[in-house]
Amino acid sequence: MSRADRYVFPEGFLIGSATAAYQVEGAAAVDGRTPSIWDTFSHEPGRTWNGDTGDVACDHYGRLDEDLDLMARLGLDAYRFSLSWSRLLPGAGRDVNPAGAAFYSRLVDGLLQRGIRPIATLYHWDLPQELEDRGGWAVRETAERFAEYAALAVQQLGDRVHTWTTLNEPWCSAYLGYGSGAHAPGRTDGAAALAAVHHLNLAHGLAVPEIRRHARNDPDASITLNFHVIRGGDTEATRRIDALANRAFTSPLLRGRYDDDLIADTAAVTDWGFVRDGDLAQIAQPIDVLGVNYYSTVTVRMWDGAGEQVRNDGHKDAGGTPWPGSDDVEFLPQQGPFTDMGWNIAPEGLEELLLSLSEQFPDQPLMITENGAAFPDAVTFEADGPRVHDAQRVDYLRRHFAAASRAVEQGVDLRGYLVWSLLDNFEWGYGYAKRFGIVRVEEGTLQRIPKDSAHWLADVLAARDGSLR
């Protein structure tokens with residue numbers, strides 16, 4: 001490993017990888033699991049690339065021991081996974097499914113036995129279909145039921161999990177699921193999207209006390225947000241997108257308010273009557289670490305109404321808008337290079353984001369909970385077996401690790417870095433067409449092939465002397 005691959009991170013800094021239940025588990029109708037909104041959505045014609053679904057995915061459910069051994073061979077400090085609400089509580093009920101609980105218990109025990117810290121995400125977009133049928137995240141009941149689910153999950157695993165993350169990327173759940181229609185449940189209703197924003201925030205606020213009440217090992221409580229790092233120099237467009245994309249979550253979660261400009265920008269869409277007295281105080285629960293997901297930047301300007309509007313925001317066009325109240329903002333093409341998702345590669349954006357969050361919330365520890373890249377990998381067959389030489393991904397990770405290291409040197413309280421993703425998996429609306437994994441999963445056989453990026457990460461972990469200096 002070259003000198004450029006030795007980074008400055010603090011003692012106890014966690015380096016690992018991450019997955020999500022619907023993307024990797026498979027076993028969709030096995031051992032009592034019932035459908036989530038992604039089961040329903042992916043089976044609707046035209047919703048996903050090639051009609052792909054998560055029915056089998058990577059069969060992480062059936063190949064758990066193999067995957068745990070793989071993580072151990074890579075030397076991961078931590079593994080971030082999510083629980084399937086429908087596997088643990090089938091039918092969105094209140095009775096724990098013994099088979100589902102046993103699977104997650106075996107997962108957590110297997111991680112601990114291999115010296116890997118479990119980081120459990122309660123919700124990574126797979127709402128039980130029964131709750132969507134009653135209104136989904138657009139109604140308050142879902143937040144209340146989420147708190148019940150959190151309590152039951154922590155009762156099952158709350159003596160062994162290192163970190164509990166309430167929600168992954170509520171921006172995607174709300175705006176892509178209820179606004180643009182690109183994600184499950186596929187609705188295109190701006191008012192419902194903004195109601196979902198609030199009820200997701202409320203779900204977090206209701207769940208954190210349940211985590212603290214039922215845990216028996218003093219875990220960290222967290223939430224993971226996908227931040228938009230905004231370029232372009234258009235002050236009004238930047239303000240509007242920052243309000244919808246970033247401050248719609250950080251302000252209530254960390255400051256106990258919705259900002260006045262967000263309310264004003266969206267007044268023609270909703271009156272925010274779903275916010276009740278006491279909600280904001282409930283939402284603003286102290287958290288131990290803020291999860292940061294970062295992939296690329298966006299460049300914006302206000303559309304002047306002349307010519308075709310440019311919508312290069314990095315998300316699939318499914319008929320609606322993920323920008324309620326600000327869908328007159330244009331998203332301009334980025335400067336390359338690009339990943340296979342069409343997202344620009346801008347490691348300096350990660351450094352900028354970490355420094356900005358540290359300045360805004362100086363007492364809030366941070367963790368990079370997702371960062372990675374999709375590239376069209378190819379398998380080569382060599383004397384020692386199949387290999388994937390993913391030089392672009394190695395370079396991507398190298399440069400982003402260096403950006404995170406620079407942020408730490410400038411005083412950012414960064415606690416870890418989790419690479420997305422451990423395995424090639426079901427990439428939501430893109431099905432199996434996009435590969436983010438540091439481990440290839442062969443179509444059909446599901447054979448695991450660690451890529452050069454996995455070996456690179458293992459080398460980074462192995463080279464540490466306690467501080468990575």
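Ser421 is buried, with a relative accessible area of 0%; buried here means under 20% relative accessible area, exposed means over 50%, and partly exposed lies in between, using a 1.4 Å probe and protein chains only. You will find Ser421 in the loop between β13 (414-420) and β14. Helices (H or I, at least four residues) and strands (E, at least two) are DSSP runs, numbered from the N terminus. Leaving out residues up to four places away in sequence, Ser421 touches Ser17, Ala18, Thr19, Phe436, Gly437 and Ile438, where contact means heavy atoms within 4.5 Å. Phe436 is 15 residues from Ser421 along the chain, and the C-alpha atoms of the two are separated by 5.6 Å.

A word on what you are looking at: this is a predicted model, in which local features need pLDDT of at least 70 and side-chain atom pairs count only at pLDDT 80 or more, while totals for chains, interfaces and linings use all residues. Residues are numbered from 1 along each chain as its sequence is written, and side-chain values use heavy atoms, with hydrogens and water left out.

Stay for a moment in the loop between β13 and β14, because Trp428 lies there too and is buried, at a relative accessible area of 3%. Trp428 has a positive phi of about 50 degrees although it is not a glycine. Ala57 also has a positive phi, near 50 degrees, and is likewise a residue other than glycine. Look for Ala57 in the loop between α2 (37-42) and α3 (64-74); at 7% relative accessibility, Ala57 counts as buried.

His183 is in the loop between α8 (170-180) and α9 and is buried, with a relative accessible area of 12%. Pro185 has its place in that loop between α8 and α9 as well, and a cis peptide bond with omega of about 10 degrees joins Ala184 to Pro185. Another cis peptide bond, again with omega of about 10 degrees, links Gly336 and Pro337. Pro337 is in the loop between β9 (329-332) and α13 (347-360).

What about the interior? A nonpolar core is a set of buried Ala, Val, Leu, Ile, Met, Phe, Trp, Tyr and Cys residues joined through side-chain atoms within 4.5 Å. The largest one holds 142 residues, and Trp137, Phe146, Leu354 and Phe401 touch the most other members. Helix α9 (residues 190-214) gives the most to this core, with 11 residues. A second, separate core has six residues, including Leu14, Ala78, Ile119 and Val289.

Now step back to the whole protein. Its secondary structure comes to 15 helices and 15 strands. The radius of gyration is 21 Å, close to the 23 Å that the globule rule gives for 469 residues, so the protein is as compact as a globular protein of that length. This radius is taken over C-alpha atoms, and the globule rule is 2.2 Å times the number of residues to the power 0.38. Along its principal axes, the C-alpha trace spans about 65 × 50 × 45 Å. Of the 469 residues, 61% count as buried. Among contacts with a separation of 6 or more, 78% are between residues 24 or more positions apart.
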